[in-house]
Amino acid sequence: MTELANYRNIGIFAHVDAGKTTTTERILKLTGKIHKTGEVHDGEATTDFMDQEQERGITIQSAATSCVWDNHRLNIIDTPGHVDFTIEVYRSLKVLDGGIGVFCGSGGVEPQSETNWRYANESEVARVILVNKLDRIGADFYRVVKQVEEVLGANPLVMVLPIGIEDEFCGVVDLLTRKAWIWDDSGDPTNYKLEDVPADMKDKVEEWREKLIETAVEQDDDLMEQYLEGNEPSIDELKFCVRKGTIALDFFPTYCGSAFKNKGIQPVLNAVVDFLPNPMEVKPQPEVDLEGNETGEFAIVDPERPLRALAFKIMDDRFGALTFIRIYSGKIEKGTNVLNTYTGKTERIGRIVEMHADSREELSSAQAGDIVAVLGMKNVQTGHTLCDPKQPATLEPMVFPAPVISIAISPKDKAASEKMGVALGKMIQEDPSFHVETDEDSGETILKGMGELHLDIKVDILKRTHGVEVEVGKPQVAYRETITQRVEDSYTHKKQTGGSGQFAKIDYVIEPGSGFEFESKVTGGNVPREFWPAVQKGFANSMERGVLAGFPTLDFRVTLTDGGYHPVDSSAVAYELAARAAYRQTMPKAGPQLMEPIMKVDVFTPEDHVGDVIGDLNRRRGMIRSQEPGATGVRIKAECPLSEMFGYIGDLRTMTSGRGQFSMEFLHYMPCPKNVAEEVIKETLEREAKKK
């Protein structure tokens, strides 16, 4: 068990382009895991090993690697920053014990940082903060610290102060030890000197050090009393307090540096070891039964307890399917059998490997606290629990958002058609936010995802990784339907021609609600109780096709008020058919309305182009929520219908001479304006007619 105390399972997450992957590269270099540092902009970063990542200079899938620092083993997951791939961040955070939140020194707290921070809060992951890119023009450490407080509502505990800024940034002052770490310009992270605090910074260092101590001693009443009496705690006592508060999520130790220039990374690594929790210090995972209800049992991190492991990522590579698992308790060994509680089947552990991006090391066993990959799993998917067959239990599963955009694809020839089915099967396993359906009427394959970039990359992977050439149709928006009025109605289903017939009569009210709700107020047995679930099922199954244009229906409530039955001819099937017909009969009378997905849009633009960008967003039916001037430009927050945002990145780049950036994520559904709704319904019905 002593070994487990030296484990740190951490993730690195931030907004796109804040420097996560570069930070990971520097950590790997410092810990001796790699000898040459690869740069993202050259397409040579270790953890960006997909062709698409190297070309676009972004991280698409989370990569796992491990290294050693100060006799501690760090399992690191580098996650994507782009909003279309938040699913990768979410599922990585789910299995991590701690994280490094990276913020850009000039960009500050950007939109994706907020989403990732929210996910980390939900998963209760302890974090240290790195304000990166302090060598950039417009960088301001103190402004970013203030933004972390105001925008994220978090409590940053400043542990170091920067020496110099922008071109003159050369090191940091450690507030605990009052030592200055000064790096030279050789680019070698190990070329630094420890010096006294620069004279012009002494007052500032004392001011911030006092804030640090006052916040830290709140974690321990005895130390607090001593401090109030004028006795300053020792550095070890302060470290103990900072660790306690970090693990309790009371505050987040905050560091600064420039990963690209190799400055400021060692103190962050020391903070990971000193302040982030080991697997035994994290709240244990609750176990649930097959219905998803908590059993009151927990997966305690201990190699001697029964096996509990969560599969959090499936990746297909040249050796077959790799299943990444986080082991919460117990151990696994090569060749043993484990139970997948989702499928109820046992699976044999083929090979166990420790991943270093896309290379690997073979292991014979792994234990509680480890993050490893297993080869040879057949039916395991993201979120499945692997456990001891003799003592089964399920861990809390993951919940994934529904896709908001779809495109139709068709293979270019027959050979591609066969390969496409196999390739898509593998891709669905790898990414739970990617859905594939076949349109029954047209036979087209529909891909559904979280955004244009998400689907664009899926088509690219089909082409390059799997060698499948496809034709791509126009993107389609996932519209929904709802109702606006209350209607009382009645329906009788009758089929009584010789032999046993079918009879079911229902009186009901349909009205707007939230989600799908069903209630029965029938008294006196006019509709026997055993048939109520059949009525509910009939309405629930009808929701998938709305009456306006066949989009799924949201937010309505059905109350069964009365009805009639026949002692011989009534059956569950008859009541289900009655409910389906009742849905088709009544929905058109209840003021049906088309709903469209509204996206939360965050645009960054240089100041000269703010007017153009706002004018363009207004033309796209956007609602401007706020404008925030920053050091290098303005952030505009808006809400826009997804249907108006296709191809937006191209238009934004044209308007801002290539300097604008934006990100968007699904917010909610809103009623469609009448003219837009009529156009969408007309187009959809024409498309349906063509298929037939």
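## Charges over rings

Lys211 lies over the face of Trp208, 3.8 Å from the ring centre. The model is predicted. A second case involves Arg127, which sits over the face of Trp117 at 4.3 Å from the ring centre. Trp117 also belongs to an aromatic cluster, together with Phe103 and Phe252.

## Aromatic pairs

The whole structure contains 13 aromatic pairs. One of them joins Phe516 and Phe556. Its geometry is tilted, with 5.3 Å centre to centre and 55° between the planes. The pair links distant parts of the chain, 40 residues apart. Phe516 is in strand β33 (residues 516–520), and Phe556 is in strand β34 (residues 556–564). Phe516 is partly exposed, at 24% relative accessible area. Phe556 is buried, at 0%.

Phe556 also pairs with Tyr583. This pair is tilted too: 6.2 Å centre to centre, 50° between the planes. Phe556 lies in strand β34 and Tyr583 in helix α14 (residues 572–586), so the pair ties together parts 27 residues apart in sequence. Both residues, Phe556 and Tyr583, are buried.

## Thr605

Thr605 is part of strand β35 (residues 592–605). Is Thr605 buried or exposed? Thr605 counts as buried because its relative accessibility is 0%, and the cut-off is under 20%. Beyond its neighbours within four places in sequence, Thr605 contacts Val610, Val613, Gly633, Val634, Ile636 and Thr656.

## Cysteines

The structure has 0 disulfides. Cys104 is buried, with a relative accessible area of 3%. Cys256 is buried as well, at 1%.

Notes:
Residues are numbered from 1 along each chain as its sequence is written. This is a predicted model: local features need pLDDT of at least 70, side-chain atom pairs count only at pLDDT 80 or more; totals for chains, interfaces and linings use all residues. Side-chain values use heavy atoms; hydrogens and water are left out. Helices (H or I, at least four residues) and strands (E, at least two) are DSSP runs, numbered from the N terminus. Buried means under 20% relative accessible area, exposed over 50%, partly exposed in between (1.4 Å probe, protein chains only). Contact means heavy atoms within 4.5 Å. A disulfide is a pair of cysteine sulfur atoms within 2.5 Å. Rings of Phe, Tyr and Trp (its six-membered ring) pair if their centres lie within 6.5 Å; planes under 30 degrees apart count as stacked, over 60 as edge-to-face and the rest as tilted. A charge sits over a ring if NZ of Lys or CZ of Arg is within 6 Å of the ring centre and within 35 degrees of the ring normal.
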